Amino acid sequence: MVAYLNVEQRIAGEARVARRRPRFLGRDSHVAYAFIAPAFFLLVVLVAYPFVLSVWFSLSDARVGNTGSFVGLSNFSRLLSSSIFLQTLQNTIVFTAAALAVKTVFGMGLALLLFRVVHFKRLIRGAVLLPFIVPTALSALVWWWMFEPLYSVVNWTLKSLHIIDHDIPWLSDPYLAMFTVILVNVWRGLPFFAITLLAGLVAIPRELYEAAQSDGAGPIARFWYITLPLLMPVLAVVILFSTIFTLSDFNIVYVLTRGGPMNMTHLFATYSFALGLQGGQIGQGAAVSLFLFPILLAVVFVQLRIVRKAALYE
Amino acid sequence: MSRKSRARWARNIRPLFTVYLPVLPYVLFALFPLYFMLVTSLKSSAELYDVNAVPFWIARGLTADHYRLLSTDTPFWNWFANSLIVSLASTVISVALGVLAAYPLARLRFAGADSFGVAIFVTYLVPPSLLFLPLSTVVNWLGLSDTLWALIVIYPTFLVPFCTWLLIGYFRTVPKEIEECAMLDGCSRLQSMLFILLPAALPGVICAALFAFTLSWNEFLYSLVFVSPAELKTMTVGVFSELIRGDIYYWGSLMAGACIGSLPIVIAYVFFLDYYVSGLTAGAIK
């Protein structure tokens, strides 16, 4: 979930105010450090240190109950020549790209529709956001039940409508399993796109549309030349956030398929879990999860750039 | 029909086809799995496993058997209590640390403010799947594995950055002047934050607490990794891992567990919908 951010605005805004009132500067930095200390300590011990540890693991042959010794990049080179890892890499790309594309397009559509909803506004928005709030591990269980081989409600419906005449193996066919986990990810993530984009839509001044309309712009032109450009910063932030959350997804795949059938739905997170915890090869597992890190850095970098650019236009 | 009334008719009816009808499939898609969860949990096993019965509703009477099985055959209420303890404790810790850290970032000028702000932002984006392996080693060293303390200590690692980030934004919206007045009257920084700023930024604090509670209640991976005894599990992990024995799936009870496990969050959501929406979108739009 999200409360992102205008990193620059949140931080820079403060300096501006402080400069105007030097009166309170004196002891302030002591107070500031004292206030920040607990959070800082927590993050150093339980985020920064584990991260360094993770890098060390990935460069060692650590196993459960054994800190291991330095082996250089051999974990990474072994992964890159392992067919399961290459499959995982491919799965992760397919999963993330497909889920993001669907969520972006339908999320935008849903936001545009919700914007025009007048009656039962709270009720409809509340219903749409619900899948995002409910615990994913539990809601993934009901999807599992809905795609169960024998009693699947989806198959029952399709058979009753005479669309199919035999059961579809949703979770045991490799390609259908990928389709299913993407579907569930979309179900959970779509509300985030819709509600955030809706907030972006509400912030666009109405006068622009009125002016465009009096100049003869139709609905498509208005969407293309007003809505989309003005919504771009919000859209970019939402997509970047969702990239990280989709890429690092664990719950949905673990509950629905555990990475199977034949490793065809393994993502970085589930494969790292299978290798590092279930297989006991901590070094290999850490190396898999570290593949998330460059992507994380790239997202942070792009995000800071976007915010800076958006701030320029203000 | 006069032209005027025809125009009014078009204005009233058109949205039905261009807005409400297209929204309907989305709403059904969002709600159906949750509805199906509830229906399954209340349906008798005989009807549940009858391939000819219509799965969409309950035709042969409600039953509480699945809920009863949860209570008698599994430490279900332990899981519930564990989730509650862990979520409340980590929420209190995270909101307290978040308020303390957000205050200087929103109000004071000090060397390193920018770097700390960016560091908070980056840790906020770090997904649990990147850190669970080394963290399990750290939890072992601290002697916390297989205790609820492990979760109470670890959950704040993703909650504190989130709360701090959210609160910086809320604190900024409170005018600095009211605090300055209090400080001229002799308040210390801590007093002015506690008694002047916090009451004014109360919606932000509520929002941070709600999200922190929801995120820790819903957490799955850390709980799965750090706690293995059945009676110490949290809700999300317990329902998933203890109700599937070999190849036998207790679907009715699984769904009953999922229903009760979602209930606290859904109740909070119904009462505080606006806080959830504003927390979700805070900062996306200035």
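Mentor: Let us begin with a term that we shall need throughout: two residues are in contact if their C-beta atoms, placed from the backbone, lie within 7 Å. This is a predicted model, in which local features need pLDDT of at least 70 and side-chain atom pairs count only at pLDDT 80 or more, while totals for chains, interfaces and linings use all residues. Residues are numbered from 1 along each chain as its sequence is written, and chains are lettered from A and ligands numbered from 1 in the order in which they are written.

Trainee: Which residues is Thr63(B) in contact with, leaving aside its neighbours within four places in sequence?

Mentor: With those neighbours set aside, Thr63(B) is in contact with Leu42(B), Lys43(B) and Ser44(B). Thr63(B) sits in the loop between helix H2 (45-48) and helix H3 (65-73) of chain B, where helices (H or I, at least four residues) and strands (E, at least two) are DSSP runs numbered from the N terminus.

Trainee: Why does Thr63(B) count as partly exposed?

Mentor: The general idea is to count neighbours: a residue is buried if 20 or more other C-beta atoms lie within 10 Å of its own, exposed if 12 or fewer, and partly exposed in between, with C-beta atoms placed from the backbone. Thr63(B) counts as partly exposed because it has 18 C-beta neighbours inside 10 Å. For chain B as a whole, buried residues make up 48% of its 286 residues, and of the 314 residues of chain A, 44% are buried.

Trainee: How many helices and strands are there in chain A, and how many in chain B?

Mentor: Chain A has 14 helices and zero strands, whereas chain B comes to 15 helices and two strands. One element to look at is helix H12 (residues 268-278) of chain A, which is mostly covered, with nine of its 11 residues buried; among them are Phe268(A), Tyr271(A) and Phe273(A).

Trainee: What should I look for in the backbone angles?

Mentor: As a rule, most residues other than glycine have a negative phi, and most peptide bonds are trans. Phe120(A), in the loop between helix H4 (83-116) and helix H5 (121-133) of chain A, has a positive phi near 55 degrees although it is a residue other than glycine; since it has 12 C-beta neighbours inside 10 Å, Phe120(A) counts as exposed. Arg258(A), which is not a glycine either, has a positive phi of about 50 degrees and lies in the loop between H11 and H12 of chain A. Pro261(A) lies in the loop between helix H11 (251-256) and H12 of chain A, and a cis peptide bond, with omega about -10 degrees, joins Gly260(A) and Pro261(A). Just after H12(A), Gly280(A) takes a positive phi of about 75 degrees.

Trainee: How many residues does the contact take from chain A and from chain B?

Mentor: The contact takes 90 residues from chain A and 92 residues from chain B. On the side of chain A that touches chain B, helix H2 (residues 28-58) of chain A gives the most, with 18 residues. To read the make-up of such a side, one sorts residues by class: Ala, Val, Leu, Ile, Met, Phe, Trp, Tyr, Cys and Pro count as nonpolar, Asp, Glu, Lys and Arg as charged, and the others, Gly among them, as polar. By that sorting, the side of chain A that touches chain B has 69 nonpolar, 16 polar and five charged residues.

Trainee: Which residues have the most contacts inside the largest nonpolar core?

Mentor: A nonpolar core is a set of buried Ala, Val, Leu, Ile, Met, Phe, Trp, Tyr and Cys residues joined through C-beta atoms within 7 Å. The largest one has 167 residues, and those with the most contacts inside it are Leu141(A), Ala194(A), Leu256(A) and Ile154(B). Not counting residues up to four places away in sequence, Leu141(A) touches Val255(A), Phe240(B), Leu254(B) and Ala258(B).

Trainee: Into which domains is chain A divided?

Mentor: Domain bounds come from an automatic or database domain assignment, and here chain A is divided into domain 1 (25-58) and domain 2 (73-312). The contact between them takes four residues from domain 1 of chain A and seven residues from domain 2 of chain A.
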